[in-house]
Amino acid sequence: MQRKLTLSIDAMGGDAAPGVTIDGTAEFLADRPDAHVLLHGDEALLAPLVAAKPGLAAKVTIVHAAEKITSDMKPSQALRRGKGTSMWNAVEAVKEGRADASVSAGNTGALMAISMLQLRKMEGVHRPAMTALWPTLRGRTVVLDVGANVEADAEQLVIFAIMGEAFARATLGIERPSVGLLNIGSEEMKGHDEVREAHELLRNSPLKMDYRGFVEGDDISAGAVDVVVTDGFTGNVALKTGEGVARMLASRMREAFTANLASKMGAALAMDGLKRLKDFMDPSNVNGGVLIGLGGVSVKSHGGADARGFARACVLAADLALSDYRTEIAANMARVGTGGLAAE
């Protein structure tokens with residue numbers, strides 16, 4: 001039986017907050033009736049929204065925060081002026097042990113800065129990484145880093161691999177996830193020095209990791225491995241490119257199936273298949289990025305997520321909070337030895 005879970009939610013973060021965050025919270029709690037939620041934000045705005053949801057008031061506690069982090073606030077400004085805001089307080093509840101994980105759809109840079117300041121980095125982790133769950137032909141693949149670090153040296157890439165493996169086990173339920181390093185080719189002589197060095201470290205490490213070597217860009221969507229490791233610059237470009245292609249295909253498909261009567265009839269006949277495809281590609285179903293490598297769980301929801309998408313981010317936070325992924329990361333970090341990867 002799962003233990004009692006408490007989520008700490010920045011109710012004021014996101015494009016359509018607090019309406020969407022309250023709707024998403026209610027949807028999450030409908031599936032997790034034993035959980036409790038701390039809602040941080042303007043009580044005058046939150047109270048009537050909570051009261052309008054039957055039974056929700058008994059499952060949440062509103063924690064008043066008069067201010068919020070704005071979308072245009074720089075990370076440095078968030079650190080100087082963020083104390084007491086809904087985002088700051090949501091993360092602080094995790095730091096103080098009043099909650100198991102936090103969720104925010106607010107300013108990404110600000111959330112990263114506030115989370116790193118309050119939750120600190122795990123021992124041996126030089127730089128936390130941002131993860132993404134990528135839809136593939138085989139299901140979902142974890143990709144990291146997707147934006148937290150523009151550059152990453154060989155040792156950091158190995159640490160990303162350790163963190164990504166544990167994350168995949170906790171979120172995808174795969175007992176022994178396969179791991180690959182993103183490169184411009186599968187041949188060992190290709191790629192820059194950092195990637196080739198990381199390849200050697202992973203191949204010769206004492207980790208009991210299912211390391212498959214180099215993977216290429218098209219291997220991500222093919223689902224060639226369960227975890228794809230790269231630096232934040234490359235990962236973010238790949239992620240944004242993939243999202244753009246998905247939106248373009250969705251737009252072109254709508255045009256094709258509504259062009260004339262015959263195509264509309266074809267769309268009606270293929271409706272079940274099209275609906276399954278839409279659900280699979282819908283970002284709401286894989287919403288939630290995690291700044292992994294911290295001393296606590298902080299989940300970033302897309303700012304434009306709908307209620308279902310925000311609920312999925314809450315599910316991700318809950319699954320991570322109830323898992324042993326940070327213990328696994330610490331154990332593997334100890335196995336390779338902090339700062340001693342090259343000697344292994």
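**View 1. Cavities in the predicted model.** On a 1 Å grid over the protein atoms alone, a cavity is a set of points where a 1.4 Å probe fits but cannot get out; lining residues have an atom within 4 Å of a point. Grid points are joined across faces, edges and corners, and a volume is the space filled by probe spheres set on the points. The model is predicted: local features need pLDDT of at least 70, side-chain atom pairs count only at pLDDT 80 or more, and totals for chains, interfaces and linings use all residues. Residues are numbered from 1 along each chain as its sequence is written, and side-chain values use heavy atoms, without hydrogens and water. Searching the whole structure gives three cavities of 30 Å³ or more.

**View 2. The largest cavity.** Its volume is about 50 Å³. The lining includes Gly-13, Gly-14, Asp-15, Ala-16 and Ala-17. Also among the lining residues are His-302, Gly-303, Ala-305 and Phe-310. By class, six lining residues are nonpolar, five polar and one charged. Here Ala, Val, Leu, Ile, Met, Phe, Trp, Tyr, Cys and Pro count as nonpolar, Asp, Glu, Lys and Arg as charged, and the others, Gly among them, as polar.

**View 3. The second largest cavity.** This cavity holds about 40 Å³ of space. Thr-108, Leu-111, Met-112, Ser-115, Met-130, Leu-291, Ser-298 and Lys-300 line it. Helix H5 (108-119) and strand E11 (297-300) each supply at least two lining residues. H5 gives the largest share, four residues. Helices (H or I, at least four residues) and strands (E, at least two) are DSSP runs, numbered from the N terminus. Four residues of this lining are nonpolar, three polar and one charged.

View 4. Ser-115 sits in helix H5. Its relative accessible area is 0%, so Ser-115 is buried (under 20% relative accessible area, 1.4 Å probe, protein chains only). Its side chain makes a polar contact of 2.8 Å with that of Ser-298. Such a contact is a pair of N or O atoms within 3.5 Å, one able to donate a hydrogen and the other to accept it; residues adjacent in sequence count only if both atoms are side-chain atoms. Beyond four places in sequence, Ser-115 is in contact (heavy atoms within 4.5 Å) with Val-91, Arg-120, Leu-291, Leu-294 and Ser-298.

**View 5. The two domains.** An automatic or database domain assignment sets the bounds: domain 1 (1-121 + 296-307) and domain 2 (126-292). Domain 1 brings 11 residues to the contact, and domain 2 brings 12 residues. Their centres, taken over C-alpha atoms, are 27 Å apart.

Notes. 1 Å grid on protein atoms, 1.4 Å probe; cavity = no way out; pocket = protein on both sides within 12 Å on 5 of 7 lines; lining within 4 Å. Buried < 20%, exposed > 50% of the residue type's maximum accessible area, 1.4 Å probe, protein only.
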